[in-house]
Every structure is written in C-alpha cells, then in structure tokens.
Amino acid sequence: MFATSTYNGSREENYELVIKQLDALLAGETNTVANLANASALLNQFLTDINWVGFYITEGTQLVLGPFQGLPACVRIPFGRGVCGTAAATKQTQLVADVHQFPGHIACDAASNSEIVVPMIKDDQVIGVLDIDSPSKARFDETDQLYLEKFVSVLMKYIN
C-alpha cells in the first residue's frame with residue numbers, strides 16, 4: 001500500500017526520494033498502462049504548482065494520450081508540433097518558461113503557462129513523453145529537468 005509522503009529535504013533530496021518511491025512502486029509490475037498511471041499519480045502528489053502531469057505514447061508519427069492526472073487533454077499530437085511533439089521529434093527535453101512564446105504551442109488547458117516535456121527513449125526510439133504543465137510561468141528549471149530525466153530513466157526499466 002502507498003502512503004502519501006511528506007517531502008522535508010532539499011529539492012534534490014526530495015526528487016531522489018520520489019525516484020526511489022517510483023522504483024519500489026513499480027517493482028514486479030510489467031503492465032505499461034498500470035506503470036504509467038502510477039507514475040503520473042506519484043508525480044501529481046509530489047510536485048507543487050502543476051495543473052497537469054501525464055504521458056503521451058508514440059503511435060506511428062503521433063503521440064496519443066496515455067495515463068495522466070488533470071483536466072481532459074488533447075488526444076493526438078503529431079511529432080514536431082507543440083512542446084510534446086518537439087520533444088518527440090528531437091529526442092530532447094523541452095523546458096519552456098512561457099508556453100505562449102513557444103512556436104506552435106498546443107493549448108490543451110488555457111491555464112497552462114509553463115511546461116516541461118521529457119522524451120521516453122527505448123532502443124533509440126521515442127516510445128512516448130512525460131508532459132508536465134504549470135499555471136505559473138518559469139515553474140520548471142534545470143534541477144527539475146535533471147531529476148525528471150532520472151525519473152523517466154527509472155520508469156523505462158518497467159516499460160515494455
């Protein structure tokens with residue numbers, strides 16, 4: 001059984017703890033949907049000042065909505081379009097301080113002002129992305145990027 005944790009350390013220590021929690025939470029489970037659902041729920045209870053966290057899964061040259069926490073979202077995003085599609089096309093994390101300044105931004109939730117998207121790569125192929133939105137501008141920084149990339153790396157051990 002999972003119990004909500006209180007994160008009292010530094011940001012880095014708190015991220016390390018949530019990554020350990022992810023590893024323990026997913027240990028022994030092989031179902032991709034279940035693992036993505038639990039990963040999005042874990043991040044939702046851990047992160048503050050966010051309004052959406054979840055996954056898009058690769059289907060051909062598009063990303064298709066996967067497990068998430070938040071308001072209903074866009075269902076399909078072509079590679080190369082918006083923040084998620086750009087992360088998928090470039091295989092690079094997109095750290096966007098102001099989504100309204102991002103060319104081709106797709107506004108699924110009008111309340112979103114900043115975003116971070118981390119590509120999920122297996123065997124050099126993008127199999128999906130982790131997408132997190134915030135109503136605050138410049139909510140995410142390089143520390144978030146570093147640890148969310150580590151989070152995705154651990155998650156990938158449990159994705160078939």
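Select Leu-155 first: apart from residues up to four places away in sequence, this side chain touches Leu-22, Leu-26, Asn-35, Leu-36, Ala-39, Phe-55 and Met-120. Note before continuing that the model is predicted.

Next, display the largest nonpolar core, which has 30 residues. Leu-155 belongs to the group that touches the most other members, together with Leu-43, Leu-130 and Ile-132. Colour the contributing elements: H1, H2, E1, E5, E6 and H4 each give two or more residues to this core. The largest share, seven residues, comes from H4. For contrast, a second, separate core of 16 residues can be located by selecting Cys-84, Ala-88, Val-96 and Val-126, which are among its members.

Return to helix H4 and select residues 142–156. Its 15 residues reach 21 Å from the first C-alpha to the last, close to the 21 Å expected at 1.5 Å a residue. At the start of the helix, show the side chain of Asp-141: one of its oxygens comes to within 3.0 Å of the backbone nitrogen of Thr-143.

Which residues of H4 are buried? They are Asp-144, Tyr-147, Leu-148, Phe-151, Val-152, Val-154, Leu-155 and Met-156. An α-helix has 3.6 residues a turn, so residues three or four places apart point the same way. To see what these buried residues pack against, show helices H1 (11–26) and H2 (32–46) along with strands E1 (52–59), E5 (114–122) and E6 (125–134).

Now turn to the aromatic rings, where the count comes to five pairs. Select Tyr-15 and Tyr-147, a stacked pair with 5.3 Å centre to centre and 10° between the planes. Tyr-15 lies in helix H1 and Tyr-147 in helix H4, so the pair ties together parts that are 132 residues apart in sequence. Are these two residues buried or exposed? Tyr-15 is buried, with a relative accessible area of 3%, and Tyr-147 is also buried, at 9%.

A further stop is the pair of Trp-52 and Phe-68, likewise stacked, with 5.1 Å centre to centre and 15° between the planes. Trp-52 lies in strand E1 and Phe-68 in strand E2 (residues 62–70), so this pair links parts that are 16 residues apart in sequence. Trp-52 counts as buried at 3% relative accessibility, whereas Phe-68, at 26%, counts as partly exposed.

How values were computed. Residues are numbered from 1 along each chain as its sequence is written. This is a predicted model: local features need pLDDT of at least 70, side-chain atom pairs count only at pLDDT 80 or more; totals for chains, interfaces and linings use all residues. Side-chain values use heavy atoms; hydrogens and water are left out. Helices (H or I, at least four residues) and strands (E, at least two) are DSSP runs, numbered from the N terminus. The expected span of a helix is 1.5 Å times one less than its number of residues. Buried means under 20% relative accessible area, exposed over 50%, partly exposed in between (1.4 Å probe, protein chains only). Contact means heavy atoms within 4.5 Å. A polar contact is a pair of N or O atoms within 3.5 Å; within protein, one must be able to donate a hydrogen and the other to accept it, and residues adjacent in sequence count only if both atoms are side-chain atoms. Rings of Phe, Tyr and Trp (its six-membered ring) pair if their centres lie within 6.5 Å; planes under 30 degrees apart count as stacked, over 60 as edge-to-face and the rest as tilted. A nonpolar core is a set of buried Ala, Val, Leu, Ile, Met, Phe, Trp, Tyr and Cys residues joined through side-chain atoms within 4.5 Å.
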